[in-house]
Amino acid sequence: MAARLVLVCCGLVRPARRLLALAVFTQRGGKCLSSIDSKSLPLAGAKSLTELSEDERLFQASVRRFANEVVGPQVRSMDEAQQYTPGLIEKLGELGLMGIEVPEELGGSGGSFFEAILAVEALSAVDASVGLVVDIQNTLCVNALLRWGTEAQQQIWLPKMSTGMICSYALSEAGSGSDAFAMETRAVKTEAGYRLSGRKLWISNAREAGVFLVFANLKPEAGYKGITAFLVEAGCQGLAVGRKEDKLGIRASSTCEVVLDNCEIPATNLVGEEGKGYRIAIEVLNEGRIGIGAQMLGLAQGAWNHAARYAQQRKQFGKAIAEFQAVQFALAEMATEIEAARLMVYNAARRKDAALPFVTEAAMTKYFVSQVAERVASQCVEIFGGNGYVRDYPAEKYFRDSKIGKIYEGTSNMQLMTIAKQLLEKPVKP
């Protein structure tokens, strides 16, 4: 491609403090865009939530270019093959997208949570499956290790994850979906460490994973207070990735059963403290819900872009269908909902970076934006008409991919329960 992303800084390839040091040969005459100090507050001088700093704009532009030029041509083939194109995950790692918040000294980009959200949004506008792998890696797995991992664990795993090793988040089971803590996977303490046994279900990116963040109950008699988190390396004796689900959407991302059959792991693979796995799971899922909001936001924007372009090109009765008021109103309504969704996603992400409470905002974001994505994707199919129903055009894939937004990382009903609990835990003042 004529314009391509490269890791450069005045001609020297070196680790970047953030993805901005992915600077680019752009339309600015191919000159190097040097990294800008990201220590400045994201909202310094900003007039609105959606106004990005120059730092953030360059970051977003870099990811969008990669999504359009590298991911875009492979979307259909990955969907049909139900797997990522070989080498794509490594490219995401090379660009710094697999460890956005990981410090530079550990091989990461040293960026912010908000940048991770921008990356997920930009990738999902082209392919929600690619957005998902970056989302889970950054909002769930990396965050868990940054907060609860030991120094040794961080030194071992974060450099690998930052350069493309996928970490898979193994929480759900056949009998514990929304009730995530009704798990039957057990951990037994041994002289050398721990022995894990159980079956995990609906585990995203399990087939591609190099390491798993597994939750198991070490003290079943203590209920959820016995749940503990562990790192289990792929290839570990006793761990097997089972059947891959044949899904409606996000098909390039594998979703598999993970079987643990007396899987022995060392004591050093304990994440956090014994019995604190429930806290780890809850807290990273709260952040993950903002990530799913970003994925669905990107999906909705991508669907709208295709619908608007098609409406300007498709002619009926001698003029483009975009000139008909009914189509204009549909596109205007879609765009309005997308803008509302973007405000919610950005607000929740900025609150998280500012260390402000964000649990309610995250639940609201996941609930609302997943609805917007489904409505926008459905309307996109209708604007395409008959062409929207066939695989030769992109509309049907956006529609298929949108449905999962209401289901994973907490169903819409679970989000409503969280929102109500947060709002009503104190007396409502007049």
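**Largest pocket**

I looked up the largest pocket first. About 1400 Å³ of space lies in it. The model is predicted, so I read every value here as computed from that prediction.

I then asked which residues lie closest to the centre of the largest pocket. They are Gly-177, Arg-289, Tyr-408, Glu-409 and Gly-410, out of 44 residues that line this pocket.

Next I checked the elements. Helix H5 (128–148), strand S5 (193–204), helix H7 (277–313), helix H10 (395–402) and helix H11 (412–424) each give two or more residues to the lining of the largest pocket. Which of them gives the most? H11 does, with six residues.

I sorted the lining of the largest pocket by class. I noted 21 nonpolar, 13 polar and 10 charged residues.

**Second largest pocket**

I moved on to the second largest pocket. Its volume is about 620 Å³. I found 31 residues in its lining. Closest to its centre are Ala-125, Val-126, Asp-127, His-306 and Tyr-398.

Which elements supply at least two residues of this lining? I listed helix H1 (54–71), helix H2 (75–81), helix H4 (113–124), H7 and H10. H7 gives the most to the second largest pocket, with six residues.

By class, I counted nine nonpolar, eight polar and 14 charged residues in the lining of the second largest pocket.

**Ile-250**

I turned to the backbone. Ile-250 is not a glycine, yet its phi is positive, at about 35°. I located Ile-250 in the loop between strand S8 (239–244) and strand S9 (255–266).

Is Ile-250 buried or exposed? Its relative accessibility is 5%. Buried means under 20%, so Ile-250 counts as buried.

**Phe-317**

Phe-317 has a positive phi of about 55°, and it is not a glycine either. Where does Phe-317 sit? I placed it in the loop between strand S11 (315–316) and strand S12 (319–320).

Phe-317 comes out at 79% relative accessibility. The cut-off for exposed is over 50%, so Phe-317 counts as exposed.

Ile-250 is buried, whereas Phe-317 is exposed.

Technical notes. Residues are numbered from 1 along each chain as its sequence is written. This is a predicted model: local features need pLDDT of at least 70, side-chain atom pairs count only at pLDDT 80 or more; totals for chains, interfaces and linings use all residues. Side-chain values use heavy atoms; hydrogens and water are left out. On a 1 Å grid over the protein atoms alone, a cavity is a set of points where a 1.4 Å probe fits but cannot get out, and a pocket is an open set with protein on both sides within 12 Å along at least five of seven lines; lining residues have an atom within 4 Å of a point. Grid points are joined across faces, edges and corners, and a volume is the space filled by probe spheres set on the points. Helices (H or I, at least four residues) and strands (E, at least two) are DSSP runs, numbered from the N terminus. Ala, Val, Leu, Ile, Met, Phe, Trp, Tyr, Cys and Pro count as nonpolar, Asp, Glu, Lys and Arg as charged, and the others, Gly among them, as polar. Buried means under 20% relative accessible area, exposed over 50%, partly exposed in between (1.4 Å probe, protein chains only).
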